[in-house]
Amino acid sequence: NEQFFTFHNGVPIPKIGFGTWQIPNEEAYDAVTIALKTGYTHIDTALAYKNEENVGKAIKDFNISRENVFITSKLPAETKGYEETLKAFEETISNLGVDFLDLYLIHAPWPWDDIGKDCTAANIESWKAMEKLYKEGKIRAIGVSNFAESDIQALVDACEIVPMANQIPFYVGRDQKSLLQFCAKHDIVVEAYSPLATGQVLDSLELKEMAAKYDVTPAQLCIRYCLEKNTLPLPKSTNEDRILENSQLDFSISPEDVEALDAFEDVRAKS
Ligand code: A2P
């Protein structure tokens, strides 16, 4: 189906998700309601975003059945270990007011205040807890986020289930070539967060010119680019017009232009 990627366990995931990172709880209800109205059926949140409560409330109040909306949340990067993971999962589904998740991810291989720290053993313990929840039917798919090839390989070597997704920063100028190849080899769906480089790439003159050629906005070009690269974009906005704009991607980018976008400078390389 054109509208879905399929995980290696057969579970489909809608090809575009609504990202909610940096949307405060007070704004999350309205933003998610608009997203659902606009036709998004896939919402991405995390315990660390502190907005699960209103994300869940918006989904509940909207006229959509639970099976028709795909919900992702994440185990905080700082929370690792078997029991800790089971506990954090319970907190998340209670915040959201749901009895299962569609996708649950380890938010990062290391705590945010110590990026790069080796937490392999603790990640393996977390992963075993996620496998348990998956087998119990409480999560339809399990995955990771911000994982490098070696982080994923450690789980593959020590555990039973290969992650179904890896959610990473991905945008024009940051094509993550070798990680994408690694994920393709293991049949891991790559989700692109910050597909607009948190908005920083949108002022590029080159991008604007290319977007004009396709009669789309720079944001639409960036989001479509993710799909051309077989990654699942998670654009985020709190503005109704832009939420709609970001979901209108009915065009395709020529292979030459995709290559040109691959070669863009990484605007966030220094941040
Ligand atoms: P806003 O919420 O006011 O629309 P990313 O998804 O890469 O993290 O980028 C999100 C940032 O890009 C937010 O600051 C958001 O602001 C902005 N943004 C989202 N969609 C668009 C768009 N279509 N045009 C311009 N800026 C956008």
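Axes here are lines fitted to C-alpha atoms, for helices over the stretch in contact, and angles run from 0 to 180 degrees between N-to-C directions. The structure is a predicted model, in which local features need pLDDT of at least 70 and side-chain atom pairs count only at pLDDT 80 or more, while totals for chains, interfaces and linings use all residues. Residues are numbered from 1 along each chain as its sequence is written.

**Helix packing**
- H2 and helix H3 (residues 82-96) pack with their axes 7 Å apart and at an angle of about 45°, where helices (H or I, at least four residues) and strands (E, at least two) are DSSP runs numbered from the N terminus.
- H2 is therefore oblique to H3, since angles under 35 degrees count as roughly parallel, over 145 as roughly antiparallel, 65 to 115 as roughly perpendicular and the rest as oblique.
- Glu-52, Glu-53, Val-55 and Gly-56 of H2 make the contact with Thr-92, Asn-95 and Leu-96 of H3, two residues being in contact if their C-beta atoms, placed from the backbone, lie within 7 Å.

**Tyr-49**
- UniProt, in an unreviewed entry, lists Tyr-49 for "active site"; its positions are given in the numbering used here, feature names are shortened, and annotations may be inferred rather than shown by experiment.
- Tyr-49 is found in the loop between strand S4 (42-44) and helix H2 (52-61), and, not counting residues up to four places away in sequence, Tyr-49 touches Thr-20 and Trp-21.
- Tyr-49 is buried because 21 other C-beta atoms lie within 10 Å (buried means 20 or more other C-beta atoms within 10 Å of a residue's own, exposed 12 or fewer, and partly exposed in between, with C-beta atoms placed from the backbone).
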